[in-house]
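Colleague: I'm new to this one, and I'd like to know what lies behind the words you use. Could you show it to me and let me ask about them?

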Amino acid sequence: MYYISYKNEVLTKNTFTSLIEEHYQYAAKELFTYLANNNTQKLEKKIKELQFKRVVLKKNEIYTTVYIHKDDFSGVKILQNKKQQHFLVMHYLDDTLTLTDTREEHYLHEIAILDYLIVADILILILLFVFVVKLLYPLKQIAYNLQKFGDGDYTIQLEQKSNDEIGLLAKQFNKMAQKIKNLIDTRERLLRNVAHELRTPITKSKLALEMLEETPYKKILTQANYDMDRLTNELLSLEKIQQQQNLLHRDDFTVETLITEALSQLLLQDETSIQVRIDENFAMQGDLFYLSMALKNLIDNALKFAQTLPIEIIVKKKQIIVKNLGKSLEHPLAYYCENFTQGEYARTTKGFGIGLSLVKTILDKHHLSLHYSYTDGKNIFTIS
């Protein structure tokens, strides 16, 4: 903007200077006849018509010659001082005439005002830029903190530096964030306390079951006890990962090791219920305990909701794919990744509604993604 204003100013001044010089040359031609004929009366009249006036050049002022024409008896010069004012100097024999246009001073004043206006425009633009930056900076900080809040940092509090709309927004956000944090803390304390309190009766029931004789009822109680123990472990794992109380222990291992570890956590009565195909045994890095837990839950879901067995586990192109033949999901995948949510047809199937939530949480902590698709009657879950 400044460059454009500067160029515009230079162009204006150059155009003005060129027109002034042409005007002075025209005046010299008009006046020279009367000066050569020594016709003083007509000369003065013509000077007034052209709106010129007689002046005397200052001895201590520096003048620049912008136009000159000489012959044996006469000469014409156009001079310019530091203030950009022009002067017409004509001589014929011993007679000398020095003039200036009475309107030029007004024109120069207008150009000076134009210069001031350009500078004022630039200053206004700078002030507007500073004002906009000052206005947008808090919004940028708010957007950054909102993103952190959305990523799970519920301790975020916005600074309240003003009492305007932005300050009011920050105040209301802080209230909302605090309420959400309190609700989450209450929920997590409840889950943690319930999970810990369940440990004792589960352990006692395990000991009691060992003393019972083998009966169909013992088998039912054993399965129920196993389900309760698994739910407790998943609740504790979910709570720890969400609060990062238990830092991830990152190790290097292969995807084959991960699948083996995940399958070992399942109580499989029939190993033919799962088909595993590893096209590429690629290397991975992460917490083997938690990743195998996530994959185990994914496989367990596929087994529970499969209409026919076996289910498939396929490894290729740095992806782990779990497929089963069954009904498609009733809701988007994100719905099932919330705690304690199940589809309608899952109500009659064993499960607590935290399986995919735990899977998603663990994968997010490892910067891995979970995708779902349904093709040819098969549910396809892909870890990328």
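Colleague: What makes Ala 306 count as buried or exposed?

Modeller: Its relative accessibility is 17%. Buried means under 20% relative accessible area, exposed means over 50%, and partly exposed is in between, with a 1.4 Å probe and protein chains only. Ala 306 therefore counts as buried, as 17% is under 20%. Before we go on: this is a predicted model, where local features need pLDDT of at least 70, side-chain atom pairs count only at pLDDT 80 or more, and totals for chains, interfaces and linings use all residues. Residues are numbered from 1 along each chain as its sequence is written, and side-chain values use heavy atoms, with hydrogens and water left out.

Colleague: Where does Ala 306 lie, and which residues is Ala 306 in contact with, leaving aside its neighbours within four places in sequence?

Modeller: Ala 306 lies in the loop between α7 and β9. Helices (H or I, at least four residues) and strands (E, at least two) are DSSP runs, numbered from the N terminus. Leaving aside neighbours within four places in sequence, Ala 306 is in contact (heavy atoms within 4.5 Å) with Ile 311, Asn 324 and Leu 325. Lys 327 is 21 residues from Ala 306 in sequence, and their C-alpha atoms are 8.2 Å apart.

Colleague: How many helices and strands are there in the chain?

Modeller: The chain has nine helices and twelve strands. Of its 384 residues, 34% count as buried.

Colleague: Why is Lys 219 called exposed?

Modeller: Lys 219 has 62% relative accessibility, and exposed is over 50%, so the word applies. Lys 219 is in helix α5, residues 216-243.

Colleague: And what is the value for Lys 46, and is that lysine buried or exposed?

Modeller: Lys 46 has a relative accessible area of 16%, which is under 20%, so Lys 46 is buried. Lys 46 is found in helix α2, residues 40-49. Beyond its neighbours within four places in sequence, Lys 46 is in contact with Glu 30, Leu 31 and Tyr 34.

Colleague: How do you know that the buried residues of α2 line one face of the helix?

Modeller: Leu 43, Lys 46 and Ile 47 are the buried residues in α2. Seen down the axis of α2, they fall within an arc of 105°, so they line one face. The arc is that of the directions from the helix axis to the C-beta atoms. The face of α2 turned away from that side carries the exposed residues Gln 41, Lys 45 and Lys 48.

Colleague: Which residues are buried in α6, and what covers them?

Modeller: In α6, Val 255, Leu 258, Ile 259 and Ala 262 are buried. Their arc, seen down the axis of α6, is within 95°, so they line one face of this helix. Thr 260 and Ser 264 are exposed residues on the face turned away from the buried side. The cover over the buried residues of α6 includes β6 (251-254), β7 (274-278), β8 (283-286), α7, β9 and β10.

Colleague: What is the angle at which the axes of α6 and α7 cross?

Modeller: The axes cross at roughly 65° and come within 8 Å. Axes are lines fitted to C-alpha atoms, for helices over the stretch in contact, and angles run from 0 to 180 degrees between N-to-C directions. Residues making the contact include Leu 258 and Ile 259 of α6, and Leu 295 and Ile 299 of α7.

Colleague: What makes a group of residues a nonpolar core, and how many residues does the largest have?

Modeller: A nonpolar core is a set of buried Ala, Val, Leu, Ile, Met, Phe, Trp, Tyr and Cys residues joined through side-chain atoms within 4.5 Å. The largest has 36 residues, and those with the most contacts inside it are Leu 295, Ile 299, Ile 320, Leu 356 and Leu 370. Helix α7 gives the most to this core, with nine residues. Apart from this core lies another, of 16 residues, among them Ile 20, Leu 35, Leu 50 and Met 90.

Colleague: Lastly, why does Thr 98 count as buried?

Modeller: Thr 98 has 14% relative accessibility, and the limit is under 20%, so Thr 98 counts as buried. Thr 98 is found in strand β5, residues 95-101.
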